[in-house]
Structure formats: C-alpha cells, structure tokens
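Thanks for making time this morning; I would like to walk you through one structure, starting with its aromatic rings and ending with its pocket. Please have the sequence and the model open as I speak.

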Amino acid sequence: MKIFQPLMIIFIVIAISCNKDKFTTVPQLSIKSISPATVFNGNIVSMKGNYTDQEGDLDSALIVYKWYNGATVVRKDTFRYSFTALDLPTKTKEADISIDFQYNTSNPNGFVTLPGASPKDTTATLGLILIDKAKNRSNYAESNSIRLKKL
C-alpha cells in the first residue's frame with residue numbers, strides 16, 4: 001500500500017501535465033510584454049505574446065484599445081485586423097507573436113496605428129482576441145498599462 005500511493009501521485013501529476021500541453025480547437029493566447037512603458041507621439045509600441053491553435057487556421061485578430069482616467073476606462077475601441085495585415089504566421093499551431101503599433105501618427109509606415117486618446121497624458125492597455133476560420137475566439141488577453149504622453 002505504501003508503494004501504491006506514491007505511484008498514484010506520480011500518475012496524477014503526469015496526467016495533469018500532459019493535459020496542459022494539448023492544443024485546443026479554440027485558440028489560446030497570452031500577452032507576455034508591452035514596451036516601452038512611457039510612449040510619446042510617433043513612438044513604436046511592441047506587444048509580445050504567444051498563442052496555440054490546434055488547426056492552425058487563425059484568420060484575424062481583434063485589437064482592443066482602452067484608455068484610462070485613473071482606474072476608470074474613458075475610451076474603448078476595438079479594431080479587426082486580418083492575419084495577413086498583422087504579418088503573423090499562417091497555418092501555425094503554436095507561435096510567438098509581436099504586434100507593433102505607432103502612437104498618434106497619421107503615417108504609420110506599416111505599423112498598426114495606436115490613436116491618441118486625449119489632449120492630456122493618460123494610461124492605456126492593449127488587448128487581443130484571436131479568431132480562427134471557424135469563428136472560434138480565443139480568450140481575451142490584455143497587456144500591462146503604458147503611459148501615453150502628448151509631448
């Protein structure tokens with residue numbers, strides 16, 4: 001009986017570990033970082049993360065911009081982008097992603113435009129939802145907040 005209990009515990013740990021590694025039909029997403037922490041007009045903001053998708057059939061992304069006044073969201077916009085426009089890998093089941101934004105400019109030079117929020121300094125977060133060809137939506141993942149400066 002003493003040998004059985006440790007073997008059972010090892011079996012349960014292995015079973016749980018294996019389940020975490022399985023890809024699902026619904027895309028799974030996490031945001032790892034956003035930089036820089038303070039952003040001025042024309043700066044490039046890089047959001048990095050990773051995703052998994054069992055079929056590798058991701059089609060588009062919803063990017064959610066939230067601007068804050070203290071802890072209160074004062075503006076929220078959602079924009080849909082195709083994977084082609086975001087230059088993310090196609091037919092890939094697992095990948096790191098990096099989306100670059102240019103803050104408050106009318107000439108994004110190939111970057112996703114991050115519009116200015118207000119005439120004063122504010123904080124913001126960027127969120128992401130991935131959508132596959134079957135219209136399955138990933139979990140919502142959001143970055144840490146960044147400071148948007150008007151100078």
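Ring pairs link Tyr65, Trp67, Phe79 and Phe101 into a cluster, where rings of Phe, Tyr and Trp (its six-membered ring) count as a pair if their centres lie within 6.5 Å, with planes under 30 degrees apart called stacked, over 60 edge-to-face and the rest tilted. This is a predicted model, in which local features need pLDDT of at least 70 and side-chain atom pairs count only at pLDDT 80 or more, while totals for chains, interfaces and linings use all residues. Residues are numbered from 1 along each chain as its sequence is written, and side-chain values use heavy atoms, with hydrogens and water left out.

By that ring rule there are 4 aromatic pairs. One of them joins Tyr51 and Phe83, whose ring centres are 6.3 Å apart with 80° between the planes, an edge-to-face arrangement. Because Tyr51 lies in strand S3 (residues 44-52) and Phe83 in helix H2, this pair ties together parts that are 32 residues apart in sequence; helices (H or I, at least four residues) and strands (E, at least two) are DSSP runs, numbered from the N terminus. Both Tyr51 and Phe83 are buried, and buried here means under 20% relative accessible area, with exposed over 50% and partly exposed in between, using a 1.4 Å probe and protein chains only.

The rings of Tyr65 and Phe101 have centres 6.2 Å apart and planes at 75°, so this pair is edge-to-face. Tyr65 is in strand S4 and Phe101 in strand S6, so the pair ties together parts 36 residues apart in sequence. Tyr65 and Phe101 are both buried.

Leaving aside neighbours within four places in sequence, Leu58 is in contact (heavy atoms within 4.5 Å) with residues including Tyr51, Phe83 and Asp132. Leu58 and Asp132 are 74 residues apart in sequence, yet 3.9 Å apart in space, C-alpha to C-alpha.

Finally, which element gives the largest share of the lining of the largest pocket? That is S6, with 3 residues, and helix H2 (83-86) and strand S6 (94-103) each supply at least two residues of this lining.
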